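Hello,

Here is the structure I promised to pass on to you. Have a look at it first, and then read my notes below.

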Amino acid sequence: MHEFKSDFLRVLSERGFIHQISDAPGLDELFSREIVTAYIGFDATARSLHAGSLIQIMMLHWLQKTGHRPIALMGGGTSMIGDPSFKDEARKLLTEEAIAENLAGIKRNFEPYLSFGEGSTDAIMVNNADWLLDLNYVSFLRDVGRHFSVNRMLSFESVKLRLEREQSLSFLEFNYMILQAYDFVELYRRYGCRLQMGGSDQWGNIVNGIELGRRMEDVTLCALTSPLLATASGAKMGKTASGAVWLDPEMMSPYDFWQYWRNSEDADVGRFLKLYTTLPMDEIARLEALGGAEINEAKKILATEVTAMLHGRAAAEAAADTARKTFEEGALAESLPTVEIPRHEIEDGIGVLSAVVRAGLAATNGEVRRAIANNAIRINDKPVADERATVSAGDLTGEGVVKISFGRKKHVLLRPV
C-alpha cells in the first residue's frame, strides 16, 4: 500500500477504506498542499439511507475531520432515471414529489456525521436537479455527449453484465453515466471540487467524469473508491432477513440498530471498528485481539460506538443497558420494540402462532411451528412446548405487557390497548 503523507489518505488507508485511486501520488500531494473539496453522490430512492451507505458517509466524515470540505450530492435529478450499475432490471421511476420527500429525510441522516455551514471546511449539500432539470437537450448533446464513445461505454463491466444476461438496458438508463460525469464537471465549476468518491462499483462512472473534466475544462480530476462490503458470511451490508437497517430512528429504533451491530460475526469486528467508528487504531487493535467469549465485549463496544455516532451517546448507552438487562439479567426492559394489539384479543386469548407472527418475529405460522419444535419460542422467558398454547390476560406482566422471544436475540413486547 502506498505510504501517504496527507492525513486524509493515511487515515483512509489504515482503516481499510481504499480500493482504487486514479492518481495516488498526485492526490496525496493535493491533500498535503490545500483544502480539497470532494463529493459522494447519493440517489434519493428512499426517505432514509441504510447502513450500506455508512462507509460513504464515514469517508465524508474523515474528509472533514482532516481539514477538507465534503459535498453530499443529492441525486434529485439522477433519481428520476436511476443508476443501472450492476442492477438486473430498471429501477422504478419516482415522482418529483417523492424525490423531494426522500431528500428531506436523507439530509437528516448526514447531520450527526458532518458539520454544515459556510466555512472553508464546512460540508455542503447540493442537489443535481439544480442543473440537470434545466438542461437544453440539443445543447447538452453538442457540448457534453460528443465527448462520449458508445464503444467505450459498452465495455464497462456494469453495462456488459446487463447485456450478457440479455436484460434490457433502456436509453434512459444508458444516459445515467453521462449525467453522473457531467455532475463532476459541474461541481468543479461551481465549488472547485477535485475528487469524487464512491463504492468500487462506481469506478467506471467516476472515470467518465475525470475524462469529461479533462476534455471540457482541461483540469485533472481524481477518483477514489472504497471496497464493496459484505459480511464475513457474504451477506450484503445494511440488509437483514427482515429488511434494511435504516439510519432514520423513525424507521428503525436505536435499540434495533444497536442489535444489528451487536450481532456482527466474529470475523467482522475488527474491520467494522475501523470503518464505522472513530476509535483510535491502538484501541481497535486491542479489541480485535480478543478471543473466545471476550469477543462479545468488542461487539458491544462496536454496537455502542456506531449507534452513538448516529443517535447520540445517551441513546446508545440506553440500548446497551436494555440489551444487558434483557439478555444477561432476564429482566423486562421497557425500551424493547413494542407491538400494540386490541385488548379484547388478549382477554379472549390469542394463539401463540398468531402472537409471534403479529409481533413481527416470524412471517408464517409454519415458521413459528418449526421454532417451537426447536425450543426457540419463549413467552415471558418461559419456553413454549405446545404450538396450540395461547397468550392471554394471565400472561400480562406487572408492566401490563407480554414479552415474546424468538431465539436468544429477538424480543418484542405485546401491549394490549
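Let me start with a charge and a ring: the charged end of Lys 107 sits over the ring of Phe 116, 4.8 Å from its centre. That label requires NZ of Lys or CZ of Arg within 6 Å of the ring centre and within 35 degrees of the ring normal. Lys 410 likewise lies over the face of Phe 406, at 4.9 Å from the ring centre.

Before going on, please note that this is a predicted model, where local features need pLDDT of at least 70 and side-chain atom pairs count only at pLDDT 80 or more, while totals for chains, interfaces and linings use all residues. Residues are numbered from 1 along each chain as its sequence is written, and side-chain values use heavy atoms, leaving out hydrogens and water.

Phe 406 also turns up in strand pairing, as the bridge partner in S14 of Ile 377. Strands S11 (residues 377-379) and S14 (residues 402-406) pair in the antiparallel sense over 3 bridges. Strands are DSSP runs of E, at least two residues long, and helices are runs of H or I of at least four, numbered from the N terminus; two strands pair if DSSP finds at least two bridges between them.

Now to the rings: Phe 257, Tyr 260, Trp 261, Phe 272 and Tyr 276 form one aromatic cluster. Rings of Phe, Tyr and Trp (its six-membered ring) pair if their centres lie within 6.5 Å, with planes under 30 degrees apart called stacked, over 60 edge-to-face and the rest tilted. Phe 272 and Tyr 276 are 4 residues apart in helix H13 (residues 269-276), so about one helical turn separates them.

Enjoy exploring!
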